[in-house]
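Dear colleague,

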Amino acid sequence: MKREITLRVNNKDEVIVIDDADTLLEVLRDRLKLWSVRESCGVGACGSCTVLLDGRPASSCFLLAARTTGHDIVTLEGLGDGAELHYIQEAFVSQRALQCAYCTPGFILSVKALLDETPEPSDEEIREYLAGNLCRCAGYADILRAVRVAQDKKKSLAFKE
Ligand code: FES
Ligand code: FES
């Protein structure tokens, strides 16, 4: 069945007509053209389609769009200001924590949620939090280092506020 819904995406209300069976991934990519949200496994197992739902990582391939009305959805496009990279993106670049970058948007959103929830995570907590994000080509040691660089940057920005 078709219905009109309003989704709150990247701080903007989007009014769209969807089919009940549409996943959030399909709506974000096909309708809103948010290309950072990527499909890989399609069954909630790889994290490449990760978005933040009320600040927590969620697999958008595994969520019906109709179920996400009234929630705050953030994609990678909503992180930076459009002119400069977000500090977590910078950390991934500076630590070479990406190769093909297919998985990177999902990782960056999960790292944001992790550092918002746990500003000083242990290595174990980082590994556990990022367990739902899979990377086929970059080294996990590089990703771990990028998290530490982002963590330091977040702390230094907080001191300036
Ligand atoms: S594409 Fe959604 S978790 Fe893999
Ligand atoms: S950088 Fe290629 S899958 Fe992660």
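Predicted model: local features only at pLDDT ≥ 70, side-chain atom pairs only at ≥ 80, totals over all residues.

The axes of helix 2 (residues 87–94) and helix 3 (residues 104–117) come within 10 Å and cross at roughly 125 degrees. Axes here are lines fitted to C-alpha atoms, for helices over the stretch in contact, with angles from 0 to 180 degrees between N-to-C directions; helices (H or I, at least four residues) and strands (E, at least two) are DSSP runs numbered from the N terminus.

Residues are numbered from 1 along each chain as its sequence is written, and chains are lettered from A and ligands numbered from 1 in the order in which they are written.

In the helix pair, Ile-88, Gln-89 and Phe-92 of helix 2 meet Thr-104, Ile-108, Val-111 and Lys-112 of helix 3 (contact: C-beta atoms, placed from the backbone, within 7 Å).

Five strands form an open, mixed sheet in the order 2-1-5-3-4; strands pair if DSSP finds at least two bridges between them. Strand 2 (12–19) and strand 4 (56–59) are at the edges with a single partner strand each, so one side of each lacks a neighbour in the sheet. Strand 3 (residues 50–53) runs antiparallel to strand 4, joined by four bridges, and Leu-52 stands opposite Pro-57 in strand 4. Helix 3 packs on the sheet, touching strand 3 and strand 4, and its direction makes about 30 degrees with that of strand 3.

Yours sincerely

Note on methods: Contact = placed C-beta atoms within 7 Å.
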